[in-house]
Amino acid sequence: TKIRSINSNLGTFVLGDSCEPKDTMGILSLCKDARLNIIEKLKIKNPNHAIHTFDETTDLSDLTQNEIELFNGTIKNRDLLKKALSELQQKEPNHTLIGELLTEHHQELRDVLQVSTPKIETMLDAAMNAGALGGKINGSGGGGCMFAYAPNNPEQVASAIERVGGKAFIIKLDEGTRTD
């Protein structure tokens with residue numbers, strides 16, 4: 001695995017803590033186990049494919065309808081990640097596109113993986129209505145935190161999240177770890 005720096009010129013995010021407890025290990029295990037089972041089933045009829053190469057030609061005939069939906073959501077998330085990485089490597093990334101990609105990713109996490117909660121949804125709606133360009137649940141889901149991409153108006157987005165019961169923290173990307 002290669003570590004790559006991304007463009008840290010994205011601006012500001014707002015982290016919103018829902019203050020909801022969650023079962024991180026249980027959620028991660030459920031999501032991981034379901035995907036591993038799907039991959040094992042797919043390898044039988046698609047021996048030359050792996051998660052990085054599955055596409056619309058993949059034979060899904062051995063999967064249940066729920067497994068097909070999870071597979072399609074996983075592939076969509078993979079493709080959203082590739083699109084986002086490409087955009088993040090630009091000298092001047094398109095902030096609107098970054099926000100849209102975050103929101104699209106969240107929709108898959110909410111609708112397919114079902115890891116969002118009503119409170120997280122309320123917080124994301126409040127952030128978007130206050131001018132955030134996009135946002136998503138953070139971590140494993142099932143409670144915990146979300147973040148909103150708010151390069152233009154983080155204070156208003158933070159206030160909106162707090163008005164609906166979350167704790168908000170304005171954060172900015174930095175260079176990361178470095179040696180002197």
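## Exercise 1: A loop residue

C19 sits in the loop that joins strand 1 to helix 1 (24-45); helices (H or I, at least four residues) and strands (E, at least two) are DSSP runs, numbered from the N terminus. The model is a predicted one, in which local features need pLDDT of at least 70 and side-chain atom pairs count only at pLDDT 80 or more, while totals for chains, interfaces and linings use all residues. Residues are numbered from 1 along each chain as its sequence is written, and side-chain values use heavy atoms, with hydrogens and water left out.

**Solution.** 
Step 1. Recall the background: most residues other than glycine have a negative phi.
Step 2. Move to the loop between helix 3 and helix 4, where Q114 lies.

## Exercise 2: Two packed helices

**Task.** Work out how helix 2 and helix 3 are arranged, and which residues make their contact.

**Solution.** 
Step 1. Two packed helices are described by the angle between their axes and the distance between the axes.
Step 2. Helix 2 (residues 65-88) and helix 3 (residues 95-111) pack at about 165°, and their axes are 10 Å apart. The axes are lines fitted to C-alpha atoms, for helices over the stretch in contact, and angles run from 0 to 180 degrees between N-to-C directions.
Step 3. The two helices are therefore roughly antiparallel (angles under 35 degrees count as roughly parallel, over 145 as roughly antiparallel, 65 to 115 as roughly perpendicular and the rest as oblique).
Step 4. From helix 2, the contact (heavy atoms within 4.5 Å) uses G73, K76, N77, L80, K83, A84, E87 and L88. Helix 3 supplies L97, I98, L101, E104, H105, E108 and L109.
Step 5. Zoom in on G73 in helix 2. G73 is buried, with a relative accessible area of 4%. Leaving aside residues up to four places away in sequence, G73 touches E108 and V112. G73 and V112 are 39 residues apart in sequence, yet their C-alpha atoms are 6.1 Å apart in space.

## Exercise 3: Lengths and buried sides

**Task.** Check the spans of helix 3 and helix 4, then find what packs against their buried residues.

**Solution.** 
Step 1. The expected span of a helix is 1.5 Å times one less than its number of residues.
Step 2. Helix 3 has 17 residues and should span 24 Å, which agrees with its end C-alpha atoms being 24 Å apart.
Step 3. The buried residues of helix 3 include L97, G99 and H106. Among their packing partners are helix 2 and helix 4 (118-129).
Step 4. In helix 4, I120, E121, M123, L124, A126 and A127 are buried. Their cover includes strand 1, helix 3 and helix 5 (154-163).

Notes: Buried < 20%, exposed > 50% of the residue type's maximum accessible area, 1.4 Å probe, protein only.
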